[in-house]
Amino acid sequence: MGHGSSKSSSVDESEDSSSSGGTNSKQHPSFRGRIKQKLHLHRRPAASQHAKLNSHETFVGIALVTLINAEMKFKDKWLACISIGEQTFRTDISDQTNMPTWNSEKKFVLELNGPHIAKISVFETNRLSKNNLVGYCEIDLFEFLSRLSDSDTEVFDLFDPSSSNVVVGKISISCSIEDPIETEKSFARRILSIVDYNGDGKLSFSEFSELINAFGNQLAAKKKEELFKAADVNGDGVVSMDELATLLAVQQEKEPLMNCCPVCGEILEISDKLNSMIHMSLCFDEGTGNQVMTGGFLTDKQASYGWMFKLSEWAHVSSYDVGLNSGSSASHIVVFDRKKKRLVEEIIDGKIVLSMRAIYQSKIGLGILDKGAKEILQSLSEKQGKKMNLIESAKDIPTFLEFFKDQINLAEVKYPIDHFKTFNEFFIRELKIGARPIACVGHDDVAVCAADSRLMAFKTAEESRRFWIKGKKFSLQGLLGNLPCSNDFIDGTLVIFRLAPQDYHRFHFPVSGTIEQIVDIPGCLYTVNPIAVNSKYCNVFTENKRAVSIISTSDFGKVAFVAIGATMVGSISFTKKKGDYVQKADEFGYFSFGGSTVICVFQKDSIALDEDLLGNSARSLETLVTVGMQLGVSIKKHTEVPLPDINNCVLGA
């Protein structure tokens with residue numbers, strides 16, 4: 001384990017005493033006090049996550065999170081995972097016990113506008129193919145570090161994935177953060193340890209020479225004697241840790257010593273001192289074995305998979321990556337949760353995946369569809385829809401909830417489960433008032449997300465074909481049918497909201513305006529799962545049954561709203577009609593049983609979509625969003641008058 005240097009030595013008694021009331025308390029607050037103040041002054045959500053710091057002013061520090069132990073209700077062999085941003089790490093598996101101890105730690109770089117909600121998941125490991133999620137908790141690391149207690153350790157309840165009200169255990173977690181000044185010293189200490197063979201904490205000239213050679217800078221290597229004299233400030237013939245830290249800090253500003261990381265060999269950006277220091281500090285921990293968690297996972301579900309999944313990966317039967325893997329390897333869908341700023345795996349039945357891959361990713365499969373299976377899908381959807389409206393279908397609700405146990409929040413649902421007399425009544429469930437905050441209420445020049453969904457956003461239809469839609473015949477004109485106004489959307493901006501079966505299935509208006517028309521377009525009922533959308537053999541969005549609505553707005557011009565049916569979703573119902581004036585986030589309608597899609601098309605140069613949505617989409621990565629989240633702002637309005645500060649807009653119900 002040990003790395004005592006990870007906890008800030010700058011939080012010493014003198015600083016604590018000064019912060020509690022000495023004459024210098026206002027001039028020299030404690031490090032913990034500075035962190036609390038910094039977090040308090042910058043509590044606004046970020047637009048996106050970045051691998052490197054965009055601004056040094058946003059750097060909070062390097063957080064050390066330790067999963068210490070847990071108390072569970074039964075004995076088993078346990079493992080725990082921590083997920084934050086696009087990183088997931090797992091502990092080793094404990095012994096057979098109800099009191100597992102891991103003492104596993106990991107460092108994370110914290111930024112004011114970066115990911116800071118950590119999900120801790122605890123799995124029992126008695127499954128061969130996949131371990132079972134027993135409990136989880138979510139921790140806001142900013143709040144953890146800002147709380148009044150000076151203790152680094154806290155005990156959290158672990159909640160049942162199927163009910164956030166049921167506690168299944170407790171987990172003890174430690175979180176501390178390095179002062180950036182201490183991080184530099186800690187880094188210098190690690191650098192020094194590379195060649196400090198006798199362990200006295202000082203470098204002789206020969207040891208110093210070896211260190212300079214390890215930095216890979218030939219110019220610096222030619223000036224070893226000059227650099228050694230510059231570092232040896234007190235002239236005692238050796239370079240101490242503090243002297244080395246000073247040399248590295250000063251020299252890196254004017255003539256950098258390090259061109260590459262001494263541990264992994266990665267080329268460093270000479271002009272980016274802080275990111276280089278962060279990289280090497282983390283690299284040293286991993287390279288020296290101080291970080292005992294296993295990494296390289298995208299989600300906790302991937303980290304928990306057993307040997308059967310690993311064997312399938314080795315045999316190329318399955319794979320796991322950001323975004324969707326097209327073709328035969330499309331076995332897992334990983335999306336980015338915008339609210340919590342981390343990757344999550346979408347739950348989908350394995351048998352359904354296999355059938356969809358067989359049908360939609362091959363010419364033979366689509367050939368079968370062309371020879372009558374389309375009619376079968378239509379008939380199947382109609383029969384399934386009728387079945388889900390029968391009283392006896394209500395018995396399927398508990399099974400459905402168990403399958404999606406950690407992806408449906410019953411606390412948000414307007415009515416209790418026993419209120420729903422059929423499965424379809426539950427499927428088109430309403431939410432409680434206020435369950436979905438609306439961005440910038442009263443500002444119609446700010447568009448919002450139309451559904452709880454997985455979103456893809458593109459400036460043009462051409463971009464959508466490059467990154468996502470592989471159907472050869474897809475076009476905006478094809479999507480909108482023969483509407484007279486379809487030419488108004490040439491080169492328009494495209495936003496796709498894909499609803500999965502577990503989602504809230506009512507869709508809402510992204511903008512305020514008047515409904516000019518609602519036109520039904522008959523068609524097929526292909527699945528809208530990305531496996532089909534990414535198929536080059538069919539054209540899901542332009543061949544499926546759909547309803548096209550045109551909304552006239554003062555801020556965005558005309559907006560096309562396309563509700564698309566899918567397998568098991570033969571019914572698209574509207575709760576508003578032609579001629580109605582609507583406010584953004586008002587309910588527009590709902591889909592019956594199954595997953596489906598809404599596509600919104602904005603006229604060219606009418607909306608500036610949020611950059612995080614565009615950035616994820618350019619990676620073929622869907623963004624998990626909820627109704628009312630900000631989608632973009634009006635370009636027209638932006639050119640006429642200054643926009644309000646989006647980050648200070650009041651959220652409303």
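Guide: The axis of a helix is a line fitted to its C-alpha atoms over the stretch in contact, and angles between axes run from 0 to 180 degrees. Keep that in mind. This is a predicted model.

Visitor: How are two packed helices described?

Guide: Now take a case. Helix α5 covers residues 205–214, and helix α7 covers residues 224–231. They pack at about 115°, and their axes are 10 Å apart. The crossing of α5 and α7 is right-handed.

Visitor: Which residues of α5 and α7 make the contact?

Guide: From α5 come Phe205, Phe208, Ser209, Ile212 and Asn213. From α7 come Lys224, Glu225, Leu227 and Phe228. Sort the residues of this contact, and you get five nonpolar, two polar and two charged.

Visitor: Next topic, cavities. How many of 30 Å³ or more does the structure hold?

Guide: The structure holds two of them. Look at the second largest cavity, with about 30 Å³ of space.

Visitor: What lines the second largest cavity?

Guide: Find Val65, Ile82, Ala118, Ile120, Ile139, Leu141, Phe144, Ile173 and Cys175. At least two lining residues come from each of β5 (117–124), α3 (141–146) and β8 (163–177). The lining divides into nine nonpolar residues, no polar and no charged.

Visitor: Where is confidence lowest, and where is it highest?

Guide: Start with the whole chain. Its pLDDT averages 76, and 66% of the residues score at least 70. Confidence is lowest in helix α1 (residues 13–19), at a mean of 37. Strand β14 (residues 446–448) is highest, at 98. Over residues 1–28 the pLDDT is below 50, and this stretch has 45 contacts beyond near neighbours in sequence. Check residues 311–317 too. Their pLDDT stays under 50, and the model gives them eight contacts beyond four places in sequence.

Key:
Residues numbered from 1 in each chain as written. Predicted model: local features only at pLDDT ≥ 70, side-chain atom pairs only at ≥ 80, totals over all residues. Heavy atoms only, no water. Helix = DSSP H or I, 4+ residues; strand = E, 2+ residues; numbered from the N terminus. Left-handed = near helix turned anticlockwise from the far one by under 90°. Contact = heavy atoms within 4.5 Å. Nonpolar A, V, L, I, M, F, W, Y, C, P; charged D, E, K, R; others polar. 1 Å grid on protein atoms, 1.4 Å probe; cavity = no way out; pocket = protein on both sides within 12 Å on 5 of 7 lines; lining within 4 Å. Points joined across faces, edges and corners; volume = space filled by probe spheres on them. pLDDT = per-residue confidence, 0-100.
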